[in-house]
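Subject: Handover of a structure, with findings

Dear colleague,

Please find below the structure that I am handing over to you.

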Amino acid sequence: MGITSVAGVPVNEHHAATCHCGAVELRLHLPNGIVEPRRCDCSMCRRRGAIAASVAEEGLQVVRGGEQLRLYQFNTHVAEHWFCSVCGIYTHHRRRSNPREFGYNVACLEGINPFALGEVPTNDGVHHPADRD
């Protein structure tokens, strides 16, 4: 189920997301709001501490600053972690568990305070589903 507003602030069907300095802007198609926000305890997510939610691959568009985005990959090199080379903020990643989706940094959504989401579950990224036989 999607969250269509956060602390009274509507999550638009087409919502802008930006890094801290504004060099990178994404346009996200969120017809159901913020769906299943989560944290992850894998080595990468544990360090960055972001709340992520998912969007279909075709639901994320880089509007501005594509040349400022930098890619970081590790381990299996399936997931693609993108961040702004100017301010260092993680904006989004191609999901390892479903490469046809992107995870995005909920804190980058314009006008949305991620702390207003309340309790956010943590996924077991240490024992990632793609690592299971």
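Predicted model: local features only at pLDDT ≥ 70, side-chain atom pairs only at ≥ 80, totals over all residues.

Glu57 counts as partly exposed, at a relative accessibility of 24%. Glu57 deserves attention on account of its charged partners. Its side chain meets that of Arg94 in a salt bridge, with 2.7 Å from N to O. Because Glu57 lies in the loop between S8 and S9 while Arg94 belongs to strand S12 (residues 90–94), this pair ties together parts that are 37 residues apart in sequence. Arg94 itself is buried: its relative accessible area is 17%, and the limit for that class is under 20%.

The side chain of Glu57 also meets that of Arg100 in a salt bridge, here at 2.6 Å from N to O. Arg100 is exposed, with a relative accessible area of 54%. A network of salt bridges links Glu57, Arg94 and Arg100 with Glu80. In general terms, side chains of opposite charge can pair when their charged atoms come close.

How many salt bridges does the count come to? The count comes to five. One of them joins the side chains of Arg64 and Glu25, at 2.7 Å from N to O. This pair, too, links distant parts of the chain: Arg64 is in strand S9 and Glu25 in strand S5, 39 residues apart. Arg64 is partly exposed, its relative accessible area being 39%. The two residues also face each other in the strand pairing, where Glu25 stands opposite Arg64 in S9.

I turn now to the sheets. S9 and S5 belong to an open sheet of three strands, whose order is S4-S5-S9 and whose pairing is antiparallel. Strand S4 (14–18) and strand S9 (60–64) stand at the edges with a single partner strand each, so one side of each is left without a neighbour in the sheet. From one strand to the next, the twist in this sheet averages 30°. Strand S5 (residues 25–29) and S9 run antiparallel and are joined by four bridges.

A further open sheet is formed by five strands in the order S8-S13-S12-S11-S10, again with antiparallel pairing. Which strands stand at its edges? They are S8 and strand S10 (69–72); each has a single partner strand, and therefore one side of each is left without a neighbour in the sheet. The twist averages 25° from one strand to the next. S10 is joined to strand S11 (residues 80–84) by four bridges, and these two strands run antiparallel. Tyr72 has His81 as its bridge partner in S11.

S8 also takes part in the second largest pocket. This pocket has a volume of about 180 Å³. Its lining consists of 13 residues, and Val35, Ser54, Val55, Ala56 and Glu101 are those that lie nearest its centre. Strand S8 (residues 52–56) gives the most to this lining, with three residues. Sorted by class, the lining holds five nonpolar, four polar and four charged residues.

Glu36 has a positive phi of about 50°, although it is not a glycine. Glu36 lies in the loop between strand S6 (34–35) and strand S7 (39–40), and it is exposed, with a relative accessible area of 57%. His77, likewise not a glycine, has a positive phi of about 60°. The place of His77 is the loop between S10 and S11. Is His77 buried, exposed or partly exposed? At 48% relative accessibility, His77 counts as partly exposed, because the exposed class requires over 50%.

Yours sincerely

How values were computed. Residues numbered from 1 in each chain as written. Heavy atoms only, no water. 1 Å grid on protein atoms, 1.4 Å probe; cavity = no way out; pocket = protein on both sides within 12 Å on 5 of 7 lines; lining within 4 Å. Points joined across faces, edges and corners; volume = space filled by probe spheres on them. Nonpolar A, V, L, I, M, F, W, Y, C, P; charged D, E, K, R; others polar. Pairing = 2+ DSSP bridges. Axes fitted to C-alpha atoms, helices over the stretch in contact; angles between N-to-C directions. Salt bridge = Lys/Arg side-chain N within 4 Å of Asp/Glu carboxyl O. Buried < 20%, exposed > 50% of the residue type's maximum accessible area, 1.4 Å probe, protein only.
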